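The structure is shown first, and the points follow by topic.

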Amino acid sequence: MVLSDRTIREEIDKGRIVVDPLGEGCIQPASVDVHLSDQILVFRNSMRPYIDIRKDMSDLTEMVKTTYDEPFILHPREFVLGSTLENIEVPDDLVARIEGKSSLGRIGLLIHSTAGYVDPGWKGRLTLELSNVSNLPITLYHGMKIGQISFLRLTSPAERLYGSPELGSKYQGQVEPTPSQMYRDFDSNSG
C-alpha cells in the first residue's frame, strides 16, 4: 500500500520517515519532492578502455560542483551520477521508490537506470543515475526539483535492515554521489 500525503506527514512528524531538509510544499498527494544536490560525479573515459566490475574503478570519475546560477550541462547520451539534496531515512516497515518528475521526463531526463528502490533501514542521500535520452543538452541546477519519493508499507517489519553488518550494505550513510562498489561483491581469492 502506497502512503498518502496524510500518512507521510504523520510518519515524518513521528520521526519514522526523515526527509531533511523538507521543503515547503514538497509533500505531494502520495510522494515527497526531492532536489538535486550541488555535486555531480562525471565519468572520464580516457582513464581506462573499459569498466571492470571486479575492480575499484573510482578513478574513472571526477566530482563537479554546480550552483543555483551556473548549471551542469548534461549532453545527449551522457550518463552522470548526482544525489538528492535531502537526507532520507526509511523505517523498518516501509520501502521507498524514487522516480523522476514527469516534466523532466518529457524533455528526456531520466534520474535512475535501475536503482529506484530504497530498502527499509536506509539512511543517507540517494545517488541518482542521470541520463539524457533527448537530442539536446539539458541544464541541471543545484536545488532544482529532480524527483519524487513514495513510500510503501511492508506486510511486516523487515528482520534485517539495510546497513546491517551481515548484509554487507555498501552505500549506507552516503552524503554525495557514490560510484559503484560492485567490486566489493567479488571474493579477492576467486579466479
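Strand β12 supplies three residues to the lining of the largest pocket, the largest share. The model is predicted: local features need pLDDT of at least 70 and side-chain atom pairs pLDDT 80 or more, while totals for chains, interfaces and linings use all residues. Residues are numbered from 1 along each chain as its sequence is written, and side-chain values use heavy atoms, without hydrogens and water.

**Largest pocket**
- The volume of the largest pocket is about 750 Å³, taken as the space filled by probe spheres set on grid points joined across faces, edges and corners.
- A pocket is an open set of points, on a 1 Å grid over the protein atoms alone, where a 1.4 Å probe fits, with protein on both sides within 12 Å along at least five of seven lines; lining residues have an atom within 4 Å of a point.
- The lining has 30 residues, and Ala115, Glu129, Tyr171, Thr178 and Ser180 lie nearest the pocket centre.
- At least two lining residues come from each of β6, β10 (117-118) and β12 (127-132); strands are DSSP runs (E, at least two residues), numbered from the N terminus.
- By class, the lining holds 19 nonpolar, six polar and five charged residues.

**Backbone features**
- Most residues other than glycine have a negative phi, and most peptide bonds are trans.
- Asp20 and Pro21 are joined by a cis peptide bond with omega of about 5 degrees.
- Pro21 sits in the loop between β1 (18-20) and β2 (32-35).
- Arg77, not a glycine, has a positive phi of about 65 degrees, and lies in the loop between β5 (72-74) and β6 (79-83).
- Arg77 counts as exposed because its relative accessibility is 74%, where exposed means over 50% relative accessible area (1.4 Å probe, protein chains only).

Methods:
Helices (H or I, at least four residues) and strands (E, at least two) are DSSP runs, numbered from the N terminus. Buried means under 20% relative accessible area, exposed over 50%, partly exposed in between (1.4 Å probe, protein chains only). Ala, Val, Leu, Ile, Met, Phe, Trp, Tyr, Cys and Pro count as nonpolar, Asp, Glu, Lys and Arg as charged, and the others, Gly among them, as polar.
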